[in-house]
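Here is a short report on a predicted model. Please keep the sequence and the 3D view open while reading.

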Amino acid sequence: MYTSIPKGLTDLTLAIEKGTNAVISNRYNPFYYHGALPQFYLWVLFLSGLLLFAYYIPTIDNAYFSANLVNAWTSVDYITGKLPMGAVVRGVHRYAGDAMVITIVLHALRVWVTDRYRQYRWVQWISGIVLLLMVLFIGQTGYYLVWDERSLVLTRMTVSACEALPIIGPGLKAWFLNGSAITNLTLSNFLFIHIGLSFTLLFGLWVHYVRMTRPVITPPPAINYMLMAVLLLVVFAYPITSGKMADINSAPTSFDIDWFFLFPYWLMAKVDLTTYWVLMIGATVGLCLVPLPSLYKAAAPIEAAEVVLTKCVGCSLCANDCPYQAIEMVPAPAGSRFKLLATVKPYRCSGCGVCVGACAFDAIDLPNLLDSDVTAQIRAMAEAKPN
Amino acid sequence: MSEQKVITLICERACDLDSVCNEQGEVKEVDGLHVVKLPCSGMIQPLMIEAAMKAGAAGVIVTGCQIGDCYYREGNRMIRERLLGQRPPGLKKTVDRQRVLALWLSRPQKDRFLSEAKEFVAFVRQLPAPPPPAAKPAAK
């Protein structure tokens with residue numbers, strides 16, 4: 001257990017969580033809902049995004065309204081300045097994105113510190129990294145959409161980064177701009193990426209959850225209210241302001257940076273593009289390799305639970321209780337007295353023994369710790385004469 | 001009756017008792033308190049608790065991690081629900097509930113375990129001996 005993590009770090013986490021439990025009880029301890037927090041902010045983003053979508057116009061100029069320029073920037077300006085509560089909805093959308101990145105990173109940190117990222121959990125780790133990258137890219141497209149000077153710089157930087165890639169570079173640039181230059185079609189493409197990829201997150205989350213029984217995806221209402229209150233506090237304390245409207249003929253060079261989403265652009269400005277791509281791809285691959293078996297010392301290899309075929313009555317108790325969806329009830333072979341038979345998917349099994357505790361018929365066993373041996377040990381201890 | 005054994009069924013990730021146990025898994029400070037380690041408290045079968053009682057143990061202490069924090073996601077919640085009769089399989093009605101103690105302690109909480117266990121051991125040993133199996137108490 002906990003072999004590859006510094007022991008002090010794990011103990012510190014446990015101590016903090018124990019202290020939190022003492023104050024607000026374990027039912028409301030946000031540490032126990034760390035995976036559900038970004039999920040909550042995702043719903044907030046979907047809802048506030050839907051409200052913004054009703055008024056947003058994805059163009060850089062609009063010939064039909066030439067007397068009175070209407071474009072992405074003016075529509076955002078209208079939402080912020082004129083629409084009742086528009087600034088609040090925009091602020092919620094913006095800061096909920098930041099909050100989602102923070103909670104995702106905290107989620108990943110806790111999972112790593114408590115050693116819950118490897119072996120049978122590798123699907124969750126890798127899909128989590130993909131989800132984080134998707135969230136970062138969705139957030140960046142959000143910064144292009146407001147179409148102020150920062151958006152223009154970011155778009156141009158992204159184009160130059162795409163061009164620096166061999167083979168796929170030109171195609172990537174054409175896909176990103178939806179053409180060869182920045183036009184009205186570019187902004188509609190950004191909006192499509194921003195919204196389409198957001199819904200693709202739901203598919204990614206399905207992969208993230210598919211190996212878990214009863215995934216914790218909804219914090220209790222009390223925590224939701226608290227998260228929302230923190231968000232609104234930030235929204236009112238730091239109202240969102242737009243920059244100057246982007247002018248394609250100008251070349252702005254500097255902008256305020258949002259460290260949660262735009263740190264890749266900070267890096268891009270510091271190093272040349274080849275180094276940039278090597279660092280970014282290297283970091284991603286490195287994160288994906290964290291659960292590699294040779295990087296940690298397993299205390300004992302996992303031995304998957306085994307069903308005792310002659311004892312299983314097909315009651316489904318173990319399949320209901322398995323936390324990793326590792327037990328599947330299949331139709332019992334012909335001639336059996338029972339309808340179903342439990343089968344273990346060994347690649348999903350964690351060897352935790354919850355199924356052993358769930359079985360009232362002694363029909364499932366951990367090969368390295370038979371429950372009959374445990375019971376025998378308990379009997380021997382209870383019956384032993386005092387020395 | 002003071003030598004009656006008390007069995008502790010404990011998750012190996014819950015409070016760390018290695019430093020207070022001898023090689024046979026007996027807590028040094030408390031006479032007759034034995035420890036059986038399992039990969040997760042969710043592995044504890046109610047049958048194991050019944051077996052300990054039948055073999056003459058005065059009581060059983062079930063220890064898992066803090067509720068909400070299980071390495072295997074739900075193990076401690078499962079055994080808690082089984083002990084409370086909210087999830088099958090449950091404890092038999094004949095098992096004296098006074099003789100079962102459940103503690104949910106994280107790894108550094110060794111001292112809390114020792115103080116609670118001492119109190120519990122003293123309590124179950126002064127309880128009157130369980131009635132012989134023939135005279136079953138009326139079902140509630």
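Residues are numbered from 1 along each chain as its sequence is written, while chains are lettered from A and ligands numbered from 1 in the order in which they are written.

**Helix α1 of chain A**

Helices are DSSP runs of H or I with at least four residues, numbered from the N terminus. Helix α1 of chain A spans residues 7–24, 18 residues in total. From first C-alpha to last it reaches 26 Å, close to the expected 26 Å. That expected span is 1.5 Å times one less than the number of residues.

A residue is buried if 20 or more other C-beta atoms lie within 10 Å of its own, exposed if 12 or fewer, and partly exposed in between; C-beta atoms are placed from the backbone. The buried residues of α1(A) are Leu14(A), Glu17(A), Lys18(A) and Asn21(A). They sit on the same side of α1(A), because they cover an arc of only 105° around the axis. The arc is taken over the directions from the helix axis to the C-beta atoms. The face turned away carries exposed Gly8(A), Ile16(A), Gly19(A) and Val23(A). Just after α1(A), Ser25(A) has a positive phi of about 65°.

Two residues are in contact if their C-beta atoms, placed from the backbone, lie within 7 Å.

| Chain | Residues in the contact |
|---|---|
| Chain A | 34 residues |
| Chain B | 37 residues |

On the chain A side, α1, α12 (317–321), α13 (354–358) and α14 (371–383) each supply at least two residues. The most come from α14(A), with 9 residues.

Thr375(A) is found in helix α14 of chain A. It counts as partly exposed because it has 19 C-beta neighbours inside 10 Å. Not counting residues up to four places away in sequence, Thr375(A) touches Met48(B) and Ala51(B).

**Nonpolar cores**

A nonpolar core is a set of buried Ala, Val, Leu, Ile, Met, Phe, Trp, Tyr and Cys residues joined through C-beta atoms within 7 Å. The largest has 63 residues. Those with the most contacts inside it are Cys318(A), Val354(A), Cys355(A), Ile7(B) and Ala52(B). A second, separate core of 45 residues includes Leu37(A), Trp73(A), Tyr95(A) and Leu262(A).

Terms used: This is a predicted model: local features need pLDDT of at least 70, side-chain atom pairs count only at pLDDT 80 or more; totals for chains, interfaces and linings use all residues.
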